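Here is a short note for a colleague opening this structure for the first time. Please keep the 3D view at hand while reading.

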Amino acid sequence: LLKVRDRRKQPGLDDKHIAAWNGMMIAALADASVALDDARMLDAARRAAGAFEAELLASNGELRRTVRAGQAGGAAVLEDVGHAVRAFAALHRADDDTRWLVTATSIAARAKASYADDAGVFYDTPEGRSDVFVRARSTYDGATPSGVSAMLAGLIDLAEAAPAGPWRDDAIAALRGVSSAVAESPVAAVNSVRGLLRLLAFGPDVERALAEGADVPRPSTAGENAVVEVLADTEAITVSDDRPASFTLAIKLAEGYHVIAADPAEDGTDPGLMPLRVGLVRGSGVAVYADYPDGES
């Protein structure tokens, strides 16, 4: 079978180096080296961290998202930053070498300046990124932790390693920003819940500080702060074979946003845009037609 398969066209090899994934692996090796008293794992973590610094950390201290064959593949997102901080903090715990702590604190300080707002709430991307329409904050912990929870864990790691630094207060501010997600669905934000439990272990003053910051503004997904609102002039309609029904939809957009028209090309050519469409979801036996308004530049 192998001989036959080798004659076929081979699949492409995804050999890029990803900052977040390397960070997770370095932290795992460092922690395992302590738990198992295994010097080989610590050596592997050191070598991986050295390669990380050489390839994924630019000379100006900026973190790259990926590197392939020596070529950088885009700017980092918060997930990369959080796991990088965690990696070097874990290596510092295992190796007791301050150089790793210096790298971790340097990455965290740059992240605070670029990824956090004035209240210390972290976002997935730096301020001013031109390739994103909405500056998102993902809080869901799935197969891997969200960027917000990874950064929170990294800040707590630094607070434990360097108690005299600002990291505990930064972690409290970061947790305030995700507290609504934790309260609404602690399982979906389980890594942030772990961060909350770790922070509470610092003492009762942390709980007081979290309560004092309860009025920190949080992003809203409904009401007047929503980017898109879809409103209808009726709650329900009844249709039959001989009696169609009609209703009106109003789509309200926040200032500075737009949707693509139903026919975005005036000359009939396909410009490669995804047009607005109204249709039936989870239903059958009914045809839906829309009287689309003309688009405007």
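1. Ground rules. This is a predicted model, where local features need pLDDT of at least 70, side-chain atom pairs count only at pLDDT 80 or more, and totals for chains, interfaces and linings use all residues. Residues are numbered from 1 along each chain as its sequence is written, and side-chain values use heavy atoms, with hydrogens and water left out. Helices (H or I, at least four residues) and strands (E, at least two) are DSSP runs, numbered from the N terminus.

2. The core. The largest nonpolar core holds 53 residues. Such a core is a set of buried Ala, Val, Leu, Ile, Met, Phe, Trp, Tyr and Cys residues joined through side-chain atoms within 4.5 Å. Buried means under 20% relative accessible area, exposed over 50%, and partly exposed in between (1.4 Å probe, protein chains only). Residues with the most contacts inside the core include Phe52, Val81, Met151 and Leu199. Contributors of at least two residues each include H2 (19-35), H3 (39-55) and H7 (167-184). H4 gives the largest share, 9 residues.

3. Val81. Which residues does Val81 touch, not counting those up to four places away in sequence? They are Leu63, Ala76, Ile107, Ala111, Tyr115 and Met151. Contact means heavy atoms within 4.5 Å.

4. H4 against H6. Their axes come within 8 Å and cross at roughly 30°. Axes are lines fitted to C-alpha atoms, for helices over the stretch in contact, and angles run from 0 to 180 degrees between N-to-C directions. H4 and H6 are therefore roughly parallel. Angles under 35 degrees count as roughly parallel, over 145 as roughly antiparallel, 65 to 115 as roughly perpendicular, and the rest as oblique. On the H4 side, the contact includes Val81, Val85 and Ala89; on the H6 side, it includes Met151, Gly154 and Leu158. By class, this contact has 10 nonpolar, 5 polar and 4 charged residues. Ala, Val, Leu, Ile, Met, Phe, Trp, Tyr, Cys and Pro count as nonpolar, Asp, Glu, Lys and Arg as charged, and the others, Gly among them, as polar.

5. Glu79. This residue lies in H4. Is Glu79 buried or exposed? Glu79 is buried, with a relative accessible area of 17%. Beyond its neighbours within four places in sequence, Glu79 contacts Ala20, Arg65, Thr144 and Gly147.

6. H8 against H9. H8 (residues 190-200) and H9 (residues 204-212) pack at about 125°, with axes 7 Å apart. That makes H8 oblique to H9. Leu196, Leu199 and Leu200 of H8 meet Val206, Glu207 and Leu210 of H9. The contact has 5 nonpolar, no polar and 1 charged residues.

7. Two loop aspartates. Asp37 sits in the loop between H2 and H3. Its phi is near 50°, a positive value in a residue other than glycine. Asp37 is exposed, at 71% relative accessible area. Asp96 is in the loop between H4 and H5. Phi of Asp96 is near 55°, also positive and also in a residue other than glycine. Asp96 is exposed, at 65%.

8. Thr238. Look in the loop between strand E4 (228-232) and strand E5 (249-253). Thr238 counts as exposed at 67% relative accessibility. Thr238 touches Arg243 and Ala245, leaving out residues up to four places away in sequence. Thr238 and Leu196 are 42 residues apart in sequence and 50 Å apart in space, C-alpha to C-alpha.
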